[in-house]
Amino acid sequence: MALRVPIPLEFAQVFPAGAFAAGGFEPVRDFEASKGDRFVQAKDKATGEPVWAIDVIDADPQARAKTVRVKVTAHAQPVLPPAAGGSPFVPVEFTGMSVTPYVNQAGRLAYSLKAAGVSAPGKPPAAARRDAAA
C-alpha cells in the first residue's frame with residue numbers, strides 16, 4: 001500500500017474545538033523563484049493558483065501547538081469573515097483540508113496544513129455560496 005500525500009481530512013479532525021484567525025492572509029513566498037528583493041508568490045502544484053497563509057489559534061486547550069499556519073490556495077487573497085459580537089478573535093473554518101507530513105530542519109516530524117477555502121463556522125465559503133446561487 002502506498003500512502004499518497006497530501007492526505008485529505010475534515011476541519012473537525014484538525015480543530016475539534018474550533019479555530020480563530022490570528023491576523024490576516026499573506027502571500028506565501030516561492031523561495032526558489034524569488035531573488036533578493038524580487039518577491040514571487042508560490043503557486044499550488046496541483047491547481048496553479050496562488051498560495052496564501054494565515055496563522056490560526058487552535059481553540060483546543062490540550063493542543064501542544066497553540067498556533068499553526070494554514071495555507072489556502074485561491075485566485076485572489078482570501079477574506080476573513082467578520083468578527084462576531086465585537087470579539088477581537090475571528091472564528092474560522094476551513095474547507096478542503098489536507099495535511100502533508102515532512103521532516104523539519106531539526107529532524108522532527110512536522111505537518112503542513114492546506115485548505116481550499118475559509119469561512120465562518122457552519123457557513124460555506126463565499127465561492128461555494130456563489131456557485132450554489134448560480
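1. In this predicted model, R69 is partly exposed, its relative accessible area being 44%. Its salt-bridge partner is D55, and the closest N and O atoms of the two lie 3.0 Å apart.

2. The whole structure holds 2 salt bridges. Besides the pair already described, K114 forms a salt bridge with D44, with 2.6 Å between the closest N and O atoms. K114 belongs to strand β8 and D44 to the loop between β3 (26–27) and β4, so the pair ties together parts that are 70 residues apart in sequence.

3. Leaving aside residues up to four places away in sequence, M97 touches I7, P8, L9, F11, V14, F15, L113, K114 and A115.

4. The largest nonpolar core comprises 20 residues, of which F15, V70, F94 and M97 touch the most other members. Elements contributing two or more residues to this core are α1 (11–14) together with the strands β2 (19–21), β4 (51–58), β5 (67–73), β6 (90–95) and β8 (109–115). As a general background, nonpolar side chains tend to be buried together in soluble globular proteins.

5. Strand β6 also contains P91. This proline is partly exposed, with a relative accessible area of 23%. Which residues does P91 touch, not counting those up to four places away in sequence? They are A19, F20, P81, S119, A120 and P121. For P81, the C-alpha to C-alpha distance from P91 is 8.0 Å, at a sequence separation of 10 residues.

6. Regarding overall architecture, the protein chain has 2 helices and 9 strands. Read from the N terminus, the order of elements is β-α-β-β-β-β-β-β-β-β-α. Among contacts between residues at least 6 apart in sequence, 56% join residues at least 24 apart.

7. Finally, some values for the chain as a whole. Of the 134 residues in the protein chain, 30% are buried. The accessible surface of the protein chain amounts to about 9000 Å², and carbon and sulfur atoms account for 56% of that surface.

Methods: Residues numbered from 1 in each chain as written. Predicted model: local features only at pLDDT ≥ 70, side-chain atom pairs only at ≥ 80, totals over all residues. Heavy atoms only, no water. Core = buried A, V, L, I, M, F, W, Y, C linked by side-chain atoms within 4.5 Å. Buried < 20%, exposed > 50% of the residue type's maximum accessible area, 1.4 Å probe, protein only. Helix = DSSP H or I, 4+ residues; strand = E, 2+ residues; numbered from the N terminus. Contact = heavy atoms within 4.5 Å. Areas by Shrake-Rupley, 256 points an atom, 1.4 Å probe, with all protein chains shown as cover. Salt bridge = Lys/Arg side-chain N within 4 Å of Asp/Glu carboxyl O.
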